[in-house]
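Subject: Handing over the structure

Hello,

Here is the structure I promised to pass on to you. Please open it next to this email, and then read on for what turned up in it.

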Amino acid sequence: MAATTDTDHQEHTDASGRPPSAARRRRGRGIALVVSVLGELLITAGLVLGLFVVYSLWWTNVVADRAAGKQADKVRDDWAEDRVGQDGPGALDTKAGIGFLHVPAMGKGDVLVEKGTSMKILNDGVAGYYTDPVKSALPTSGKEGNFALAAHRDGHGAKFHNIDKIEKGDPIVFETKDTWYVYKVYGILPETSKYNVKVLGAVPEESGKTKPGHYITLTTCTPVYTSRYRYVVWGELVRTEKVDGDRTPPEELR
């Protein structure tokens, strides 16, 4: 028979020198099982969260860009065929896009502008003009007022993601079938309450203006990936240009 060593004796006794009971062994195995299950649940939760982030920040952009591109093509085709609808390209009750927003500071490309700022509208990767709680004054009407717009900053196209890149003096151009409306940024409010509707006023006094004019306002959520506050940019119309046969953009977009 082999001799029993001190090591063998220690492996089969507890701190008090007594062999561990079956209950202690079962309890140890139970704790190990709980820890193992908990770890697996945490890993699964992490994977689900990761997939949700991918969906929110990537896939919704893909889907929204497809929807916006399809609608934008339709609008430009209608313009080319001189089909602008019974109410014209700037009527308040139009259901199609009324034009395209160009903001060089936010990147190349254009943003289709449609009626309304509901999630159903904005989730299609477009900008929408306010009809509630205030009614935007559309540039095509020729009347003084505030052309107030909103778009997502993250997910669903994220058309205003780089709004913080805009600086005072930068151009904002709105393109319709017949006219380019060129605005110049004069005011920026990096953070305000999402309930502050005064920024959308016909005369946006919070921007420093006190008299009626032809204004444009861009709004979106801030900070990025939250909807706690609103980021606001104001511009004022400096001139208009008629669209020529080649749709040559104004110098601010060249």
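Two strands pair if DSSP finds at least two bridges between them. Helices (H or I, at least four residues) and strands (E, at least two) are DSSP runs, numbered from the N terminus. Please keep in mind that this is a predicted model: local features need pLDDT of at least 70, side-chain atom pairs count only at pLDDT 80 or more, and totals for chains, interfaces and linings use all residues. Residues are numbered from 1 along each chain as its sequence is written, and side-chain values use heavy atoms, with hydrogens and water left out.

**The fold**

The protein has three helices and eight strands, and from the N terminus its elements run α-α-β-β-α-β-β-β-β-β-β. Eight strands close into a barrel, in the order β1-β2-β3-β4-β7-β8-β6-β5, with mixed pairing. From one strand to the next, the twist averages 30°; here axes are lines fitted to C-alpha atoms, for helices over the stretch in contact, and angles run from 0 to 180 degrees between N-to-C directions.

As a reminder, strands of a sheet pair through backbone hydrogen bonds, either parallel or antiparallel. Both kinds can be found around β4. Six bridges join β4 and β7 in the parallel sense, and Gly-145 has His-214 in β7 as its bridge partner. With β3 (residues 127-129), β4 pairs in the antiparallel sense over two bridges, and Tyr-129 is opposite Leu-149 in β4.

**Strand β7**

This strand deserves a look of its own. β7 and β8 run antiparallel and are joined by eight bridges, with Thr-220 opposite Tyr-231 in β8. Their hairpin has six residues between the strands, and Tyr-225 takes a positive phi near 75° there. Seven of the nine residues of β7 are buried, so the strand is largely enclosed by the rest of the structure. Buried means under 20% relative accessible area, exposed over 50%, and partly exposed in between (1.4 Å probe, protein chains only). Of the 254 residues of the protein, 35% count as buried.

**Aromatic rings**

There are four aromatic pairs in the structure. Rings of Phe, Tyr and Trp (its six-membered ring) pair if their centres lie within 6.5 Å; planes under 30 degrees apart count as stacked, over 60 as edge-to-face and the rest as tilted.

One of them is edge-to-face, because the rings of Phe-147 and Phe-174 have their planes at 65°, with their centres 4.9 Å apart. This pair links distant parts of the chain, with Phe-147 in β4 (residues 145-150) and Phe-174 in β5 (residues 171-175), 27 residues apart. Phe-147 and Phe-174 are both buried, and together with Tyr-181 they form one aromatic cluster.

Another pair is tilted, because the planes of Tyr-186 and Tyr-215 are at 55°, with ring centres 6.2 Å apart. It too links distant parts of the chain: Tyr-186 is in β6 (residues 179-193) and Tyr-215 in β7 (residues 214-222), 29 residues apart. Tyr-186 counts as buried at 18% relative accessibility, and Tyr-215 is buried with a relative accessible area of 3%.

Tyr-186 also has a charge over its ring: the charged end of Lys-209 sits 4.6 Å from the ring centre. Arg-76 lies over the face of Phe-100, 3.9 Å from the ring centre. A charge sits over a ring if NZ of Lys or CZ of Arg is within 6 Å of the ring centre and within 35 degrees of the ring normal.

**The largest pocket**

On a 1 Å grid over the protein atoms alone, a pocket is an open set of points where a 1.4 Å probe fits, with protein on both sides within 12 Å along at least five of seven lines; lining residues have an atom within 4 Å of a point. The largest pocket has a volume of about 470 Å³, the volume being the space filled by probe spheres set on the points, with grid points joined across faces, edges and corners.

Its lining has 27 residues, and Met-119, Tyr-130, Ala-150, Cys-221 and Arg-230 lie nearest the centre. The elements that give two or more residues to this lining are α3 (119-122), β6, β7 and β8 (229-242). The largest share, three residues, comes from β7.

Happy browsing, and best wishes
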